[in-house]
Amino acid sequence: MHEVSIAEEIKNVVIKKLNENNGKKVKKIKLLIGEMTTIVPEALQFALTIVSENTPMEDCKVKIKVLKTKARCNLCYKEFFIRDNNFLCSKCKTHEIEIIQGREMIIQSVEMER
Amino acid sequence: MGTINIFENIMKRNDEIAENNKKIINNALCINIMSSPGSGKTTLLEKSLKVLKNNYRIAVIEGDVSTSNDARRIKNVGVRAFQIKTENYGGGCHLDAKMINEELKKILKKSKFDFIVIENVGNLICPADFNLGEDKKVVVLSVTEGEDKPLKYPLMFKIADLLILNKIDLLPYVDFNIKSFKNNIKKINSKLKIIMLSAKTGKNINDWIEQLKLWYIEKNKF
C-alpha cells in the first residue's frame with residue numbers, strides 16, 4: 001500500500017544522482033528489497049512507472065532483486081534462511097537468533113545516458 | 001551511457017529525520033501504537049490516559065487518513081491531542097518521520113511533555129517499515145481479529161516491543177484460542193511481552209499503565 005511513497009523517495013534519490021553526474025536520462029535502476037519488508041515488488045514496479053511519468057526516469061527499466069530473510073544463531077553461529085515465519089535456529093532450535101538479511105531497501109545502481 | 005553504483009538506503013531520509021525526532025523528543029517517552037483499524041487503540045488511550053494525566057504531561061498525535069474524530073475523543077478526556085490527516089500528504093496508509101517532525105516542532109514549541117503517544121494509522125502492514133524516532137513500538141491486537149494475525153503480518157509482531165491483546169471480555173463469544181495465539185507469537189518473537197486486557201471494561205488496564213510508567217522511569221533514571 002505504501003509503495004507509492006517508497007517510489008517517490010526512490011525517484012528523489014535517483015534524480016539527484018542523475019543531476020550530480022550530469023546525466024540526461026535514466027535507463028535502468030537496480031533495487032535490492034528484503035523479503036522482511038512490507039514491499040510488494042510488483043506494486044513497487046507499478047508505482048515507479050506512475051511516479052516516473054514526465055521525469056527523466058520515464059520508461060526506465062527497474063530490476064528488483066528480492067533478498068531472502070536470513071538469520072544467524074547467537075549460540076551455534078549457524079546461518080540459515082527463515083522459512084514459514086519460523087524464527088528459530090534450524091540446528092539448535094533456540095530463539096536466540098539475529099536477522100542478518102531481509103530488512104533491506106536499497107538502490108543498488110543507476111544506469112544513465114549522459 | 002554509464003552505470004553508477006550508489007548503494008543507498010531508500011529509508012535513509014526517513015531514518016535521519018527519525019533520529020532528529022529523537023533529539024526533539026528528548027526526555028519524554030515516545031510510544032508508537034500500531035494495529036489494524038478497530039482494534040481499540042483510541043479506547044485504550046482514553047481509558048489509560050485519563051488516569052496517567054493526573055501525574056504526567058501527555059501529548060497524543062493521532063494519525064488517520066481522514067477526520068479528526070480520534071483527536072476529539074482524546075481531548076474529551078482532558079489530554080492534549082493533535083491530528084495528522086494523511087490525506088494531506090497524498091493519502092498515506094502510515095505515518096512517516098517527516099509528518100511527526102512537523103507536528104513535534106509545533107507541539108514542543110510552547111509546552112513540555114512527559115509522554116508523547118503516537119497513534120498510527122490503522123494498518124498492520126505499512127507502519128512497520130517506518131521509524132518515527134519513538135522509544136517503544138506497541139502493537140494492539142483484538143480477539144475478534146483472530147489468533148493467526150501474527151503469522152499473517154509477521155513484521156509488525158517481530159518489531160514490536162509490547163503486544164496488547166485487547167477485547168478479552170469478548171473471549172467467550174469468539175473462536176480465539178489463547179494457546180495457539182501464544183504459540184504463533186513465540187514463533188515470530190519469542191521475547192515479546194503480552195498484556196491481555198479489556199479497554200472497555202478496564203480489566204488489566206492497570207498493567208498497561210504500569211508498563212508506561214516503568215518505561216518512563218527507565219528512560220529517565222540517570
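Q: What makes two residues count as being in contact here?

A: Two residues are in contact if their C-beta atoms, placed from the backbone, lie within 7 Å. Keep in mind that this is a predicted model. The contact between the two chains takes 25 residues from chain B and 26 residues from chain A.

Q: Which elements of chain B each supply at least two residues of the side that touches chain A?

A: They are β1 (2-9), α6 (154-159) and α7 (178-188) of chain B. Of these, β1(B) gives the most, with eight residues. By class, that side of chain B has 14 nonpolar, seven polar and four charged residues.

Q: How do you know that β1(B) pairs with strand β6 of chain A?

A: Strands pair if DSSP finds at least two bridges between them. Six bridges join β6 (residues 105-113) of chain A to β1(B), and the two run antiparallel. The count therefore meets the cut-off of at least two bridges. As one example, Ser109(A) has Asn5(B) as its bridge partner in β1(B).

Q: What makes the pairing of β1(A) with β2(A) parallel or antiparallel?

A: Strand β1 (residues 25-34) of chain A and β2(A) pair in the parallel sense, over seven bridges. Within this pair, Leu31(A) is bridged to Ile64(A) in β2(A).

Q: Why are β2(A) and β1(B) called edges of the sheet?

A: The open sheet has four strands in the order β2(A)-β1(A)-β6(A)-β1(B), with mixed pairing. Both β2 (61-67) of chain A and β1 of chain B have a single partner strand, so one side of each is left without a neighbour in the sheet. On average, neighbouring strands of this sheet are turned by 15° against each other, direction ignored.

Q: Which helix packs on the sheet, and what does it touch?

A: Helix α1 (residues 3-20) of chain A does, touching β1 and β6 of chain A together with β1 of chain B. The direction of this helix makes about 45° with that of β6(A).

Q: Why does the radius of gyration of chain B agree with that of a compact globule?

A: A compact globule of 222 residues would have a radius of gyration near 17 Å, and chain B has 18 Å, so the two agree. The C-alpha atoms of chain B fill a box of roughly 65 × 45 × 40 Å along the principal axes.

Q: What makes a residue of chain B buried, and how many are?

A: A residue is buried if 20 or more other C-beta atoms lie within 10 Å of its own. Buried residues make up 46% of the 222 residues in chain B.

Conventions: Residues are numbered from 1 along each chain as its sequence is written. Chains are lettered from A and ligands numbered from 1 in the order in which they are written. This is a predicted model: local features need pLDDT of at least 70, side-chain atom pairs count only at pLDDT 80 or more; totals for chains, interfaces and linings use all residues. Ala, Val, Leu, Ile, Met, Phe, Trp, Tyr, Cys and Pro count as nonpolar, Asp, Glu, Lys and Arg as charged, and the others, Gly among them, as polar. The radius of gyration is taken over C-alpha atoms; the globule rule is 2.2 Å times the number of residues to the power 0.38. A residue is buried if 20 or more other C-beta atoms lie within 10 Å of its own, exposed if 12 or fewer, and partly exposed in between; C-beta atoms are placed from the backbone. Axes are lines fitted to C-alpha atoms, for helices over the stretch in contact, and angles run from 0 to 180 degrees between N-to-C directions.
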